[in-house]
Amino acid sequence: MTLQEIVDDYLLHNKKIRLHLGCGPNILLDWINVEGELYGNQESIYTHNLIEEYPVPANTVDEILSVHVIEHITPEKVPFMFSEWLRILKPGKSVAVEWPDLLKMCRYIVDDPSRIYSDNRKIQKRSVAGIFGNIGKHKSIEMLHKWGYSEESMCKLFLQAGFSKVEIQTPVFPKTEMDSRVVAYK
Ligand SMILES: C[S@@+](CC[C@H](N)C(=O)[O-])C[C@H]1O[C@@H](n2cnc3c(N)ncnc32)[C@H](O)[C@@H]1O
């Protein structure tokens, strides 16, 4: 089934549409799990390039979630992606994004600059690998991070895209304590 087919099916049966975008291997129950080519085409994962137009009618989606994905999108593609999320969400409904926060990781390094060249994986994940991407883990240049955000810059981007309200919340799926979460409402 394609993303368009599953969405049409949910609409036909009046089911809530909750999109988990860039799910990777993390399948969430009660969500439509969506991925690019990397993990797509597996059973229960629907393939879609997140920076392209969504095959989803306007004002039909109840919730969007995206964890550790926004830093993989080149910044010039983000405004269109956000405008698509705004288009497909029902009025008043929200998108939550979680990501490794550039400002928190910079502060962590400034607090102790030796962390830049640490061999300790936990420290790397909270500093250089957290900022640039974990090439040791993913073995692919494609998986390096394309950009970085703080809570404030993320809020600003959502408001610029036309979302009516933003909230800084505690991450629900944190990989480290450097993560941030912003929820934006249509
Ligand atoms: C670091 S992984 C995070 C996976 C999962 N959300 C998690 O929390 O473990 C980033 C994911 O975003 C996906 N991704 C990045 N850019 C994408 C795009 N343009 N379209 C679809 N998926 C994309 C990648 O394929 C990858 O699975």
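Helices (H or I, at least four residues) and strands (E, at least two) are DSSP runs, numbered from the N terminus. The model is predicted: local features need pLDDT of at least 70, side-chain atom pairs count only at pLDDT 80 or more, and totals for chains, interfaces and linings use all residues. Residues are numbered from 1 along each chain as its sequence is written.

**The sheet**

Seven strands form an open sheet with mixed pairing, in the order E3-E2-E1-E4-E5-E7-E6. Two strands count as paired if DSSP finds at least two bridges between them. Strand E3 (46–47) and strand E6 (165–169) stand at the edges with a single partner strand each, so one side of each has no neighbour in the sheet.

| Strands | Sense | Bridges |
|---|---|---|
| E1 (residues 18–21) and E2 | parallel | three |
| E2 and E3 | parallel | two |
| E5 and E7 (residues 179–185) | antiparallel | seven |

Val34 in E2 is the bridge partner of Leu21, and Val34 also stands opposite Tyr46 in E3. In E7, Asp179 is the bridge partner of Pro100.

Strand E2 (residues 32–35) is covered on both faces: Ile32 and Val34 on one side, and Asn33 and Glu35 on the other, are all buried. A residue is buried if 20 or more other C-beta atoms lie within 10 Å of its own, exposed if 12 or fewer, and partly exposed in between, with C-beta atoms placed from the backbone. In a regular strand the side chains alternate between the two faces of the sheet.

**Ala184 in E7**

Ala184 lies in strand E7. Ala184 counts as buried because it has 25 C-beta neighbours inside 10 Å. Apart from neighbours within four places in sequence, Ala184 is in contact (C-beta atoms, placed from the backbone, within 7 Å) with Ser94, Val95, Phe158, Phe163 and Val166. Leu159 is 25 residues away from Ala184 along the chain, and their C-alpha atoms are separated by 8.1 Å.

**Helix H2**

In helix H2 (residues 78–88), the residues Val78, Met81, Phe82, Trp85 and Ile88 are buried. Seen down the axis of H2, these buried residues fall within an arc of 130°, so they line one face of the helix; the arc is that of the directions from the helix axis to the C-beta atoms. An α-helix has 3.6 residues a turn, so residues three or four places apart point the same way. The cover over the buried residues of H2 includes strand E4 (61–67), strand E5 (89–100) and helix H7 (151–160).

Conventions:
Contact = placed C-beta atoms within 7 Å.
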